Amino acid sequence: MTSRFVVLVSLALTACNPGAAIRGLRDQPRTAHERYARGLRDAGLDSTAIGRDWLAASDSALASPLALGLPAREVGVYQRAEARAVAYRFTLRDGERLRVTLRADGLPAQLYLDLFERSTDSSRTMTHRATAERAAILDSASMVYVMTYETSRTGEYVLRLQPELLRSGRFDIAVSTEPTLAFPVEGLGNAAIQSLFGVERDGGRRAHHGIDIFAPRGTPVLAGTDGTVRSISPNELGGKVVWLSDERRGQVLYYAHLDRHHVTAGQRVRTGDTIGFVGNTGNARTTPPHLHFGIYRRPDGPIDPLRFVRINTARPERLTADSNVLGRFGETLPARVPMRTAPTDTSAVVRIIARSTRLQIMAANANSFRVQLDDGSSGYITESAVRVIDR
């Protein structure tokens, strides 16, 4: 029966669908996940139990995403007998680039990994922002998917993972953030940043509209992105400066107190090109050589550049939960077991589970298991509170 249903699903989703060709463009699915869901409905498979479960799992995962502190890594399984999806929520900040890498091992399968931005109003509307692309096929049963996404505003985002029907396998997902711009001083990093955005200047008469990066005189100053040099005209505060247009992001990068220039107005530069050298010209004549780096964006004016260049040195918490038991069943040991929405946040408790509650172990993250209970609810439980059983 199962193999017959597999054939039915495969034929239904790959066959021509004359009705789809005459639908309006506004009705066309935009993502691979939406096309797959449309295929299920057009083939009438939404009337089957497993088809209904798959479609319902897509929506319920988005409605109740688990919390993820970045960077994070999770190892999990998906099984052919079950139609499930998982979603993770996290905050992305202006100036950060999201990077997701997903490795899938098992039967050849399509995994749908989509990013949504959740509105801040009461509607909690989800807007699709990005889809992971297949980056490599390692062998006949192993694939790598990659997603990158830059945000221009701080907000809450939801990442949903769902495999196609009737496939089993294992996945390893890593989610992290990185700065959107290259560090603007050659050979240096976060420790060289010694004065931050918003700090008072001139006895409180003005605020610092950038960050100061201290370096030896003559250290190369680098283009943070591809762009066009708008101006190198000096000014009283900045001395020798470079204004670099970042057309892609609709902003201008400002480099001040240069010892000398290495570009001319109107010149195109690439990320990492030398545009000048560290100095202390302008009102920095009495201070050690440093680069004043700022970002200006309409209509916001000056914005904090720290997240745009600060190198992310954090690493995901080490995976200590036993990933060899994924997919197996277990039961809770203590009398009261907290189930959380986040693997490492002890305050994110959603419910207390009684002793001997049956569960299925779906993933491992840090020192916790992501589990699913018989009532369909899911969350994270510390590994030490779970005993693996055979039934």
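Modeller: Leaving aside residues up to four places away in sequence, T341 touches L66, A67, R89, A348, V350 and Y380, where a contact means heavy atoms within 4.5 Å. The model is predicted, so local features need pLDDT of at least 70 and side-chain atom pairs count only at pLDDT 80 or more, whereas totals for chains, interfaces and linings use all residues. Residues are numbered from 1 along each chain as its sequence is written, and side-chain values use heavy atoms, with hydrogens and water left out.

T341 sits in the loop that joins β24 (336-340) to β25 (349-354); helices (H or I, at least four residues) and strands (E, at least two) are DSSP runs, numbered from the N terminus. With a relative accessible area of 15%, T341 is buried. The term means under 20% relative accessible area, with exposed over 50% and partly exposed in between (1.4 Å probe, protein chains only).

T31 lies in the loop between α2 (18-21) and α3 (32-42), and its relative accessible area of 5% makes it buried. A polar atom of the T31 side chain is 3.1 Å from the backbone nitrogen of E34. Beyond four places away in sequence, T31 touches D114, H128 and T131.

The spaces in the model come next. On a 1 Å grid over the protein atoms alone, a cavity is a set of points where a 1.4 Å probe fits but cannot get out, while a pocket is an open set with protein on both sides within 12 Å along at least five of seven lines; lining residues have an atom within 4 Å of a point. Grid points are joined across faces, edges and corners, and a volume is the space filled by probe spheres set on the points.

The largest pocket holds about 540 Å³. R84, A85, V86, Q372 and S378 are the closest to its centre among the 32 lining residues. Two or more lining residues come from each of α4, β2, β3 (86-92), β9 (155-163) and β27 (368-373), and α4 gives the most, four. By class the lining has 18 nonpolar, eight polar and six charged residues. Ala, Val, Leu, Ile, Met, Phe, Trp, Tyr, Cys and Pro count as nonpolar, Asp, Glu, Lys and Arg as charged, and the others, Gly among them, as polar.

Helix α4 (residues 49-63) has 15 residues, and its end C-alpha atoms are 21 Å apart, in agreement with the 21 Å that it should span. The expected span is 1.5 Å times one less than the number of residues. The buried residues of α4 are I50, G51, W54, L55, A57, S58, A61 and L62.

Of the contacts between residues at least 6 apart in sequence, 67% join residues at least 24 apart.

Definitions and conventions. Polar contact = N/O pair within 3.5 Å; in protein donor to acceptor, adjacent residues only side chain to side chain.
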